[in-house]
Amino acid sequence: MRLRNIPGAERTIQAHSAVIKRPEDQKGCWGQVFGNQHPVRIEIGMGKGRFILNMAKEHPKINYVGIERYSSVLLRAVEKYDTDEFNDLTNVRFVCMDARRIEEVFAKNEVDRIYLNFSDPWPKARHARRRLTSAEFLDRYGNVLAPHGTLEFKTDNTELFNFSLEQLREAGWTLKEFTCDLHHDEEMNRGNIMTEYEEKFSGKGNPINKLIAAGK
Ligand code: SAM
């Protein structure tokens with residue numbers, strides 16, 4: 001994601017009703033945020049929000065929380081939310097934070113599903129722990145995911161995909177399904193919502209990998 005400092009981004013998102021300002025205060029209470037007890041699904045590293053907003057639109061009985069580290073990027077998701085296509089959605093919220101803090105924001109079993117889409121690859125070996133599918137992050141996810149919960153991960157980056165499969169195995173997760181060519185896998189591609197990066201990279205002819213895994 002190319003980052004540009006956008007003056008006023010922080011102020012704009014802090015003033016927006018769909019942005020949760022002190023997400024740690026909602027730990028264990030996300031049902032109250034949404035005013036119902038529907039399942040809570042989160043996207044970590046949401047980027048500009050296309051995936052989560054379309055998911056929220058397609059699945060009104062699911063609550064979605066989009067997590068993004070940078071306010072300048074989250075601003076784009078908020079601006080998209082404000083368009084006529086999405087501004088009546090009541091089942092989506094945004095959080096600006098580093099996913100390392102996920103256990104401060106969600107209680108044990110509070111999350112029904114985690115989506116990771118086109119996560120940053122961090123190609124240097126010394127940065128492997130920063131990858132959102134590293135064993136360290138998987139342990140954090142395991143502490144918030146419900147017993148039946150799943151992690152869904154898409155990427156065009158084969159090295160990152162193979163690393164993720166390895167980390168899941170090492171961390172004791174169960175691989176439920178996977179494909180190395182999502183857009184030509186009729187079953188796994190059913191209902192697929194493209195992310196910004198997915199459109200860009202599949203447009204260049206890159207096959208998209210996807211896995212679905214369940215925690216320990
Ligand atoms: N998911 C979007 C898509 O598929 O179009 C964006 C992909 S972009 C390559 C990765 C995004 O993840 C960036 O916006 C980045 O800021 C965010 N990100 C990376 N590490 C993060 C972390 N530790 N916590 C929260 N967001 C993170």
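Q: In which sense do β4 and β5 pair, and over how many bridges?
A: This is a predicted model, so take what follows as read from a prediction. Taken as a whole, β4 and β5 run in the parallel sense, and the count is six bridges.

Q: How many of the 11 residues of β5 are buried?
A: Strand β5 covers residues 145-155 and is mostly covered. Lys154 is an example: its relative accessibility is 3%, and under 20% means buried.

Q: Which residue forms a salt bridge with Arg113?
A: The closest N and O atoms of this pair are 3.6 Å apart, and the cut-off for a salt bridge is 4 Å. The two residues sit 39 apart in the chain, with Arg113 in strand β4 and its partner in strand β5. Both are buried. The partner is Glu152.

Q: Which helix holds Lys80, the salt-bridge partner of Glu196?
A: The closest N and O atoms of Glu196 and Lys80 are 2.5 Å apart. They link distant parts of the chain, 116 residues apart, with Glu196 in helix α9. Glu196 is partly exposed at 24% relative accessibility, and Lys80 is partly exposed at 25%. Lys80 belongs to residues 71-81, helix α4.

Q: How many salt bridges does the structure hold?
A: Side chains of opposite charge can pair when their charged atoms come close. Here, Glu24, Arg101 and Glu104 are linked in a network of such bridges. The total for the structure is 13.

Q: What is the relative accessible area of Lys124, from the patch of positive charge?
A: Lys124 gathers on the surface with Arg69, Arg126 and Arg130. Its place is the loop between β4 and α6. Lys124 is partly exposed, because its value falls between the 20% and 50% cut-offs: 46%.

Q: How far apart in space are Lys200 and Cys96?
A: Lys200 lies in helix α9, residues 196-203, and is partly exposed at 44%. In sequence, Lys200 and Cys96 are 104 residues apart. From C-alpha to C-alpha, their separation is 24 Å.

Methods. Residues are numbered from 1 along each chain as its sequence is written. This is a predicted model: local features need pLDDT of at least 70, side-chain atom pairs count only at pLDDT 80 or more; totals for chains, interfaces and linings use all residues. Side-chain values use heavy atoms; hydrogens and water are left out. Helices (H or I, at least four residues) and strands (E, at least two) are DSSP runs, numbered from the N terminus. Buried means under 20% relative accessible area, exposed over 50%, partly exposed in between (1.4 Å probe, protein chains only). Patches are made of residues with over 30% relative accessible area and no salt bridge: like charges are joined within 9 Å, nonpolar side chains (Val, Leu, Ile, Met, Phe, Trp, Tyr) within 5 Å. Accessible areas come from the Shrake-Rupley method with a 1.4 Å probe; for residues, only the protein chains shown count as cover. A salt bridge is a side-chain nitrogen of Lys or Arg within 4 Å of a carboxyl oxygen of Asp or Glu. Lys and Arg count as positive and Asp and Glu as negative; His and the chain ends are not counted. The place of a charge is taken as NZ of Lys, CZ of Arg, CG of Asp or CD of Glu. Two strands pair if DSSP finds at least two bridges between them.
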